[in-house]
Amino acid sequence: MERIALFGLISFGLMGQTPEALLAEADRLAWLKNWSKAEPLFAQAEKEFAARGDRRNELYAKVNRLRGELPRTSVPVMSQRLEEILDSPIVRADERLRLRCLIVKGETDEDLNPDLAEESWKEALAIAERLGEKAWANRARGELALMAGAQGNMTAQ
């Protein structure tokens, strides 16, 4: 992983950048669903936030790094890890962090358990609307509509 992270930093010209800059670029790539390029940036940001003692941003980067690892990880194991993170006090107290955790959990559970995925996306939608995060609210609505269609519910709103 160290070599991949280093290569990612070099290829994006992010060597020596702040963890906030790494996070911003990783978030941009994640929005585009380019998890293979985002993952090493999240991993490096996670390390740097941990070194600073910034638990909140360390956890944010970790959750996103875990999403990047999803293709190489057992989905049930990943779902359980995310459930544990969602139950942590820091995630319960921070709606923006909780929103990102729910998005990753929803994506993880889509193939494992559509009911769990639906729960995550519904809560993500509610939080996104409260926070005024229009793009994430639209994304959650889209995910919920896709799941409803896949389950044969063509009248879901």
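Residues are numbered from 1 along each chain as its sequence is written, and side-chain values use heavy atoms, with hydrogens and water left out. In this predicted model, local features need pLDDT of at least 70 and side-chain atom pairs count only at pLDDT 80 or more, whereas totals for chains, interfaces and linings use all residues.

The chain contains 9 helices and 0 strands (DSSP runs numbered from the N terminus, with helices being H or I of at least four residues and strands E of at least two). Along the sequence the pattern is α-α-α-α-α-α-α-α-α. Of the 157 residues in the chain, 45% are buried (under 20% relative accessible area, with a 1.4 Å probe and protein chains only). Among contacts (heavy atoms within 4.5 Å) between residues at least 6 apart in sequence, 52% join residues at least 24 apart.

Helix H3 has 18 residues and spans 25 Å from its first C-alpha to its last, close to the expected 26 Å (1.5 Å times one less than the number of residues). Its buried residues include Trp-35, Leu-41, Phe-42 and Phe-49, together with Glu-39, Gln-44 and Glu-46. Gly-53 follows H3 and has a positive phi, near 85°.

Helix H2 (residues 19-31) packs against helix H3 (residues 35-52) at an angle of about 155°, and their axes lie 8 Å apart (axes are lines fitted to C-alpha atoms, for helices over the stretch in contact, and angles run from 0 to 180 degrees between N-to-C directions). The two helices are therefore roughly antiparallel (an angle over 145 degrees). The crossing of H2 and H3 is left-handed (the near helix is turned anticlockwise from the far one by less than a right angle). Residues in the contact include Leu-22, Leu-23, Ala-26 and Leu-29 of H2 and Trp-35, Ala-38, Leu-41, Phe-42 and Phe-49 of H3. By class, this contact has 12 nonpolar, 1 polar and 6 charged residues (Ala, Val, Leu, Ile, Met, Phe, Trp, Tyr, Cys and Pro count as nonpolar, Asp, Glu, Lys and Arg as charged, and the others, Gly among them, as polar).

Helix H5 (residues 75-86) and helix H7 (residues 95-109) pack at about 160°, with their axes 10 Å apart. This angle makes H5 roughly antiparallel to H7. Their crossing is left-handed. Among the contacting residues are Val-75, Met-78, Leu-82 and Ile-85 of H5 and Cys-101, Leu-102, Val-104 and Lys-105 of H7. The contact comprises 8 nonpolar, 2 polar and 4 charged residues.

Key
Angles under 35 degrees count as roughly parallel, over 145 as roughly antiparallel, 65 to 115 as roughly perpendicular and the rest as oblique. Buried means under 20% relative accessible area, exposed over 50%, partly exposed in between (1.4 Å probe, protein chains only).
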